[in-house]
Amino acid sequence: MPRLTGRAPLRFSTQTLLLQLGVVALVVLLTSAVHGWLTYDRLGREAENQAITLARTVASDPQVRTEVQQISAQPGTPPAAELLAGPLMAAAEGARTRTGALFVVITDETGLRLAHPDAERLGERVSTDPSEALAGKDVTTRNTGTLGPSAGAKVPVFAPGTDTVVGEVSVGYSTETIGQSLARDIVPIALTAAGALLAGVLASFLLRRRLQRLTLGLEPEEISTLVHDQVAVLQGVDDGVIGVAADGRISVFNSAARRLLGRPDLTGTPWADAPVPAQLLALTKADAAEGDAVELLAGGRVLVASARKALHGREDLGWVVMLRDRTELQQLTRQLDAVGTMSTALRAQRHEFANQLHTIAGFMSIGQHQQARDYLARLAATGPLKFPVDQAELLQDPYLQAFLGAKGVEADERGVTLRLGPETLVRGQVTEPQEVTTVLGNLIDNAVNAAVAGSAPDRWVEVEVLDEPGTGADGGTLLIVVGDSGDGLPPAAAGSDGDAVFAEGFTTSERPGRAGAGQGLGLALARQLARRRGGDVRVLDPGSAGGPGAVFMATLPGTTVSNGAAPTETKTTERDNDV
């Protein structure tokens, strides 16, 4: 049995081409047919006009009028031989010969032929109705008579000096002659139609090529699917996507890009003039390395941006810029570092506690009970465990205690002592731990780095944290002051207000940062977060060489809330007096 195989459907561009060719051919054929018909009708009207002119000329001839009146007055019709040799036949044939008419016929008042090109038809009644002409009217006709199809006219013949109709003159021109004239005119019509058809075919092919180029050779169903997929992907991902077309205009600016950059929809805006960070514009320059990622600050967020060329075959479609938010990742990394540091400290303290238990067990096993009691008394006096930051009880918020404790352990591993300043007192609870962690962690990390790089032998970082109760539902303000034992800010960055250190990318580290480490973004991010809440981060003291180092102050409004628990009366009074 033969196997049936279906033909592949024609591509959309091919279907469009065939449809265009059909429309062009139909329009050309219809136009040519209408033009031919109009030409034929024009030639027919011209033949009618010539016929009626000739008929009027013959009918107005005095000799013709007299002869027709005389014959009409006779009781019968003269014989055909007499008519053939008579003056009417001579006048009609003379007019027909001079003008090239098909026939010139003269009749009496009853429609009997008195002159006719065919002598055998003399004396017979005309084949077409002469009643209108015999009624005194000039008429034009298109009909078929004994001599064939013709376009002609019928004109009445009046008796000399009266309005009495005594006969009529019929003149006709052959429609075959009209067809021959049309055949001569049809050549330019055909050439025009062929030229129009050729131009239409060429235009259709050019349009097909342009359509294929604009649609990248895709079918309508594929384009529809791509549009649905694009909307689903661009609006469903958390990454920002910016599409820059080959003409330099933004073609895609999804909702994630608007959220991350804090900008409205910039679709259609020239990329070179778009209000976006300069680092993004630099990614799409001709000399930029494709795929390189850069970190930047935008809208209080740390973003990682990369750009790649969009190609379809060999066609350059422009650039695709990807934006990823690393703010939450940095916050989670900081928290995980704190948890890991605390876990390491707890393991060390557990090991220390196990050693203490082994010591006590050793005293007991050798019978040194008094020494065991003395050892336990010393442990009871100093505590079995040592918290990494002294006076952490001044921070009633457990989150701050844990975070500063983790930072204290981390600083201690680098040979730096983290301590709380004498003005420290937090009586409320932190309501925005992530933003507080970002600001406080950046300031402490920078201070520890400065202390390690400083020339002072005693390396320390001092942190003062103080909360001010707020009014109404706004929440309290957290004040943070961080100083260190480093060598202070470099002279070029110190200035009068120290704003240079908050510039994006500023760093005093001599070691190159690893890719994606966010080096040079901490202080800029901290200031943006604080200012977004109505606060600020600024330099109180740029420090000096040999120490002490720089002092930074951060103000974070609306980040604390009172928990209703007041510290002991003595400490509250002392702290209030100190403040």
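Tutor: Gladly, and let us start with one serine. In this predicted model, serine 485 is in contact with Ala451, Ala456, Asp458, Arg459, Trp460, Gly547 and Gly549, leaving aside neighbours within four places in sequence. Serine 485 lies in the loop between β14 and α14 (491–494).

Student: Why is serine 485 called buried?

Tutor: Buried means under 20% relative accessible area. Serine 485 has 3% relative accessibility, so it counts as buried.

Student: What makes threonine 128 a buried residue?

Tutor: Its relative accessible area is 19%, and the limit is under 20%, so threonine 128 is buried. Threonine 128 has its place in the loop between β2 (113–115) and α5 (131–134). It touches Asn143 and Lys154, not counting residues up to four places away in sequence. With lysine 154 there is a side-chain to side-chain polar contact of 2.8 Å.

Student: Why does glycine 148 count as buried?

Tutor: Glycine 148 has 18% relative accessibility, so it counts as buried by the rule of under 20%. Glycine 148 is placed in strand β4 (residues 148–158). Beyond residues up to four places away in sequence, it touches Leu102 and Asn143. Serine 174 is 26 residues from glycine 148 in sequence, with their C-alpha atoms 7.3 Å apart in space.

Student: And what makes alanine 310 buried?

Tutor: Alanine 310 is at 19% relative accessibility, so it is counted as buried. Setting aside neighbours within four places in sequence, alanine 310 is in contact with Glu315, Asp316, Leu317, Gly318, Trp319 and Val320.

Student: How do you know that leucine 425 is buried?

Tutor: The relative accessible area of leucine 425 is 6%, so the label buried applies. This leucine lies in the loop between β11 and β12 (428–430). From its C-alpha to that of valine 465 the separation is 6.3 Å, although the two are 40 residues apart along the chain.

Student: What makes a group of residues a nonpolar core?

Tutor: The members must be buried nonpolar residues joined through side-chain atoms within 4.5 Å. The largest such core has 43 residues, and Leu440, Leu443, Val461, Ile480 and Phe552 touch the most other members. Elements giving two or more residues to this core include α12 (398–413), α13 (433–453), β13 (460–468) and α15. The greatest share comes from α13, with eight residues. Apart from this core lies another, of 30 residues, among them Val104, Ala115, Ala153 and Val169.

Student: Which residues does phenylalanine 552 touch?

Tutor: Among them are Leu443, Ile480, Val501, Phe502, Leu523 and Leu540, with residues up to four places away in sequence not counted.

Student: Why is helix α15 called mostly covered?

Tutor: Eight of the eleven residues in α15 (residues 522–532) are buried. Those buried residues include Gly522, Leu523, Leu525, Arg527 and Leu529. Just after α15, glycine 534 takes a positive phi of about 90°.

Student: How much of the protein chain is buried?

Tutor: Buried residues make up 39% of the 579 residues. The protein chain has 16 helices and 16 strands, and it exposes about 31,700 Å², of which carbon and sulfur atoms supply 56%.

Methods. Residues numbered from 1 in each chain as written. Predicted model: local features only at pLDDT ≥ 70, side-chain atom pairs only at ≥ 80, totals over all residues. Heavy atoms only, no water. Buried < 20%, exposed > 50% of the residue type's maximum accessible area, 1.4 Å probe, protein only. Helix = DSSP H or I, 4+ residues; strand = E, 2+ residues; numbered from the N terminus. Contact = heavy atoms within 4.5 Å. Areas by Shrake-Rupley, 256 points an atom, 1.4 Å probe, with all protein chains shown as cover. Polar contact = N/O pair within 3.5 Å; in protein donor to acceptor, adjacent residues only side chain to side chain.
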